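User: I'd like to learn how to read a few features of a protein model. Could you walk me through them?

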Amino acid sequence: MNIKAEVIKIMKKVVLPIALILAVAYVVFAQLGKQQEGYNQSIKGQTLSLPNLEAIENERIKLIEMVSPGVATVFTTQEVTIPNPFSDIPFGDFFGIPNTPEFKQKRQGLGSAFIVDVDYNKKVVYLLTNNHVIENAKDIQVAFKNKVVLKGRVVGGDKLSDVALIEVPFKKGIEDFASKHALRLGDSDQLKVGATVIAIGSPLGLSDTVTIGIVSAKNRRIEDRPGEGFIQTDAAINPGNSGGPLINIKGEVVGINTAIIAGAQGLGFAIPINQAKWVMDQILKYGKVKRSKIGVIVQPLTPDLAEHFGVNEGVLVSNVQPGGPADKAGIRAGDIIVEVNGKKISEVQDLQNQIMKNPPGTKINLKVIRNGKELTFTVITVPLEGGDVQEQTTDEGSSTIENSIGLIVKDLSPGLIQKYGLPKVANGVLVYGVKEGSAAEEAGLQAGDIILSVNNIPVKSASEFWSLISKAKKEGKDNVLLYVQKGDNRIYLTLPLR
């Protein structure tokens with residue numbers, strides 16, 4: 001009896017735990033078997049149920065299907081002016097060569113646009129696009145997703161922000177289609193880095209193209225584009241995407257796809273929609289965009305300058321236009337502008353936004369630091385014309401146009417000719433520096449070259465040279481003709497302006 005009890009006791013200690021372990025093992029292997037079976041089923045082509053991912057995908061597809069009909073393709077015929085390098089050739093007419101300094105040429109263009117409003121009083125449909133898409137266009141055709149193609153008209157364009165508003169008339173029932181598919185405009189100020197965005201357009205002529213990515217950065221500055229900073233995204237943006245919408249996960253437009261940097265991969269840029277809305281309102285109200293200036297040249301407050309002036313934040317006034325609004329108000333070179341109408345100024349871009357968006361004649365309160373003391377001035381703005389942007393801003397002393405072209409020229413003095421062993425010429429400017437990867441390098445310019453003329457007009461100073469370049473840019477020309485002395489030789493070059 002004692003032996004039997006002892007055996008039972010041993011079984012409880014040894015056998016039961018073993019049985020429990022075996023039971024657990026059976027359950028685990030059974031589950032692994034089911035998972036393996038599910039894996040094998042997916043390999044055989046059966047659907048593996050992933051409800052969360054499927055729901056996300058379905059919602060994204062619904063979003064794109066909802067927004068895409070509001071996006072249109074824009075076809076343009078543009079007329080561009082081309083410098084004629086053979087205009088001075090004797091007997092040019094005999095050989096069929098035009099004997100004019102320049103001639104006009106037609107060029108086909110492509111871009112995107114999106115529906116923003118329907119005006120039943122004026123009987124037009126409004127679309128937003130990029131200014132460079134429709135600039136100099138002699139004919140605009142807008143192709144909608146319902147297969148309707150209508151002739152477009154430019155209501156107004158703004159070169160500085162690269163935003164344009166176009167319209168098409170009520171025809172072929174487009175008003176009903178447009179009223180259903182006008183896109184909602186969001187608030188780009190609320191956009192966060194890391195947010196998902198979708199770009200829609202017609203890159204390289206491939207209509208209805210959708211790319212997805214995230215907001216990589218905000219307030220990015222691009223040379224020759226003063227004002228509000230750009231949205232940077234890794235959503236693929238290619239030629240033809242320009243003018244299309246960048247939307248958020250709510251289906252709201254947060255930007256207008258506008259630019260890629262040549263040579264970069266995976267970098268796209270969009271104009272913040274709040275900037276575009278302001279431009280559109282200005283165009284509808286005045287027929288053009290009215291901006292202001294105060295007559296100062298400013299530069300960033302670098303760490304070294306901040307230490308020197310004893311100010312951690314703001315922008316440095318490097319020059320004041322004599323007789324301009326800032327000069328009349330008492331602003332001096334060396335002042336640090338830290339606030340505009342109570343809003344802090346940290347960067348040059350902040351000052352541009354706060355000044356330019358006011359109508360001319362607006363009273364603006366500026367808080368500045370001068371010799372360690374806070375001072376307040378009231379400045380009355382004046383109109384900012386297209387050619388006055390260079391006066392408004394500078395990048396640590398370099399002009400915007402020099403940066404955009406990537407070229408530094410200097411007056412050709414006897415001292416420079418002797419120092420660098422340059423050939424003697426009657427007139428010209430010395431190419432002192434060329435930025436790598438710039439338009440100037442693309443044109444074939446090199447340090448040591450002497451530019452003798454621009455569009456067959458002789459130049460005698462750096463100021464004359466930049467005046468001619470600025471004039472050509474204002475006239476919307478794509479390039480200029482340069483006559484260049486390279487060592488002992490002289491050649492013609494075309495310098496791109498875009």
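User: Which strand does strand 9 pair with in the antiparallel sense over three bridges?
Analyst: Two strands pair if DSSP finds at least two bridges between them; strands are DSSP runs of E, at least two residues, numbered from the N terminus. Here strand 9 pairs with strand 10 (residues 230-233), and Val-215 stands opposite Thr-233 in strand 10. Strand 8 (residues 196-201) also runs antiparallel to strand 9 (residues 209-220), joined by six bridges; Ile-198 faces Ile-212 there. This is a predicted model: local features need pLDDT of at least 70, side-chain atom pairs count only at pLDDT 80 or more, and totals for chains, interfaces and linings use all residues. Residues are numbered from 1 along each chain as its sequence is written, and side-chain values use heavy atoms, leaving out hydrogens and water.

User: Thanks! Is Ser-461 buried or exposed?
Analyst: Buried means under 20% relative accessible area, exposed over 50%, and partly exposed in between (1.4 Å probe, protein chains only). Ser-461 has 15%, so it is buried.

User: And what does Ser-461 touch, not counting residues up to four places away in sequence?
Analyst: Contact means heavy atoms within 4.5 Å. By that rule, Ser-461 touches Asp-411 and Val-429. As for its place in the chain, Ser-461 sits in the loop between strand 25 (457-458) and helix 13 (462-474); a helix is a DSSP run of H or I, at least four residues.

User: Where is Ile-408 found?
Analyst: Ile-408 belongs to strand 22 (residues 407-411). Its relative accessibility is 40%, so Ile-408 counts as partly exposed.
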